[in-house]
Amino acid sequence: MNNDASLITIFVGMVIINNMVLTKFLGLCPFFGVSKKLSNAISMGVAVTFVMLLAAIATSVIYNFILLPYDIEFMNIIIYILVIASLVQIVELIIRRTNIALYNSLGIYLPLITTNCAVLGITLINASNSYSIVQSMVSAVGGGLGFTLVLIIMSGIRERLELGDTPKSLRGLPVAFVTASLLALSFMGFSGLL
Amino acid sequence: MTQQEKPNTNSRRFTKEILKGLVIANPVFVLVLGLCPTLAVTISIDNALGMSAGVIFVLLGSNLIISMLRRITPQLVRIPVYIVVIATFVTILSLVFEAYLPPLYESLGIYLALIVVNCIILGRAEAFASKNTILLSIADAIGIGIGFALSLIIVSFFREILGTGKLTVFGKTLFSIPVLSSDPLAFFIMPPGAFLVLGLLLALFRWLGVLKNE
């Protein structure tokens, strides 16, 4: 059974309405870990979006052509995580061999992506919505861009926050959580969009 | 060391490992790991308890198996081995929840499957179970698991009381606050409330001196 949601609905939904970070709480570790500097945030966002797209293609092919026909959907957790882990390894290897500059700027983030719940999350969301391969790709790109967007906004705010005079016990992570809360609140304004 | 002292020190180390996870190395408030489930499922105490039970089960199982296999796991492929062990336990857990606790399974949704990528579990496998004996790894799993459960319960306690005005555990309402329950602050059940509650709790624990400042 296929889902007939239009591609634009899926894309806009993933980028702002059901934002990975702010409404689904996926990918929070990099969100708080890497959002201190704008340049790191952009690199991380690009790396995650890329891996997400590859993972979505691979897992939806596996889901539609192997798991569904043989009725072994319960195996999806194990298979998906193995696919993602090996994809990350392959991408890391290819980037290191072909573009050393890119590897130096993205390299350290790639191993972290394996345990980024946003990547596994998007593949599970695609499977639970029974998206087709094209729909999965659109939802993965949307999810990745949404993640990047929030990471960039957050790093801009946190760069400013460093300069401010925050109370001692709120300094660092706690105030980042409060900022995320306000950000999530403003993103809730989009909820009536579609 | 005499023979009488040995089991004594062993059991003392066992309790020390358990206590460590509760306060000194509390996964959520000190190490700030495993945030996705902490924020996503703490809408109600019921969900928090279900999630904690799941994480404790997976953590116990994976710590046990990984510490049993620690001598024969090749260094190079250890991470894939850990991931397969963890994913197996998560699959068992999600099948059990789907069969016996369908409402909980529904409300936890994809976050149940996402226990696989919970940094706490892989972190304990890498940092503890791969280097320590089976008994100590079990103690570590119990300590960290209960520490995680405790943090989840604290967060969901505030969110449920503020967001619904009452406290319900397993379908039984323990108490309800007169004005708040008729006009609850729904903000706290929604995503922004989760970030706010966790941020303020972290600040509170630092202010009280339970946690160190950065």
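**Two chains in a predicted model**

Visitor: How many residues does the contact take from chain A and from chain B?
Guide: This is a predicted model. Both chains contribute to the contact, and the counts are 32 residues from chain A and 33 residues from chain B.

Visitor: Which element gives the largest share of the side of chain A that touches chain B?
Guide: The elements giving two or more residues to that side are α2 (28–33), α4 (76–98), α7 (117–128) and α9 (173–187) of chain A. By class, the residues of this side are 23 nonpolar, 7 polar and 2 charged. The largest share is 8 residues, and the element that supplies them is α9(A).

Visitor: Which residues is B:C36 in contact with, leaving aside its neighbours within four places in sequence?
Guide: B:C36 is among the residues with the most contacts inside the largest nonpolar core, which has 111 residues. With sequence neighbours within four places left aside, the contacts of B:C36 are A:F25, A:L26, A:L28, A:C117, B:Y111 and B:L114.

Visitor: At what angle do α7(A) and helix α8 of chain A pack?
Guide: Two packed helices are described by the angle between their axes and the distance between the axes. From α7(A), the contact uses A:A118, A:I122 and A:N126, and from α8(A) it uses A:S136, A:S139, A:A140, A:G143 and A:F147. These make 4 nonpolar, 4 polar and no charged residues. The crossing is right-handed, the axes lie 10 Å apart, and the angle is about 145 degrees.

Visitor: What is the bridge partner of B:L167 in β2(B)?
Guide: Strands β1 (residues 166–169) and β2 (residues 172–176) of chain B run antiparallel and are joined by 4 bridges. They form a hairpin with 2 residues between them, and B:F170 in the turn has a positive phi of about 50 degrees. Across this pairing, the partner of B:L167 is B:F175.

Visitor: Does B:S52 count as buried or exposed?
Guide: B:S52 has its place in helix α3 (residues 45–68) of chain B. A residue needs 20 or more other C-beta atoms within 10 Å to be called buried. B:S52 has 22 C-beta neighbours inside 10 Å, so the residue counts as buried.

Visitor: How far apart in space are B:S52 and B:F89, C-alpha to C-alpha?
Guide: Leaving aside neighbours within four places in sequence, B:S52 is in contact with B:F148, B:A149 and B:L152. B:F89 is 37 residues from B:S52 in sequence, and their C-alpha to C-alpha distance is 14 Å.

Key
Residues numbered from 1 in each chain as written. Chains lettered and ligands numbered in written order. Predicted model: local features only at pLDDT ≥ 70, side-chain atom pairs only at ≥ 80, totals over all residues. Contact = placed C-beta atoms within 7 Å. Nonpolar A, V, L, I, M, F, W, Y, C, P; charged D, E, K, R; others polar. Core = buried A, V, L, I, M, F, W, Y, C linked by C-beta atoms within 7 Å. Buried ≥ 20, exposed ≤ 12 C-beta atoms within 10 Å, placed from the backbone. Axes fitted to C-alpha atoms, helices over the stretch in contact; angles between N-to-C directions. Left-handed = near helix turned anticlockwise from the far one by under 90°. Pairing = 2+ DSSP bridges.
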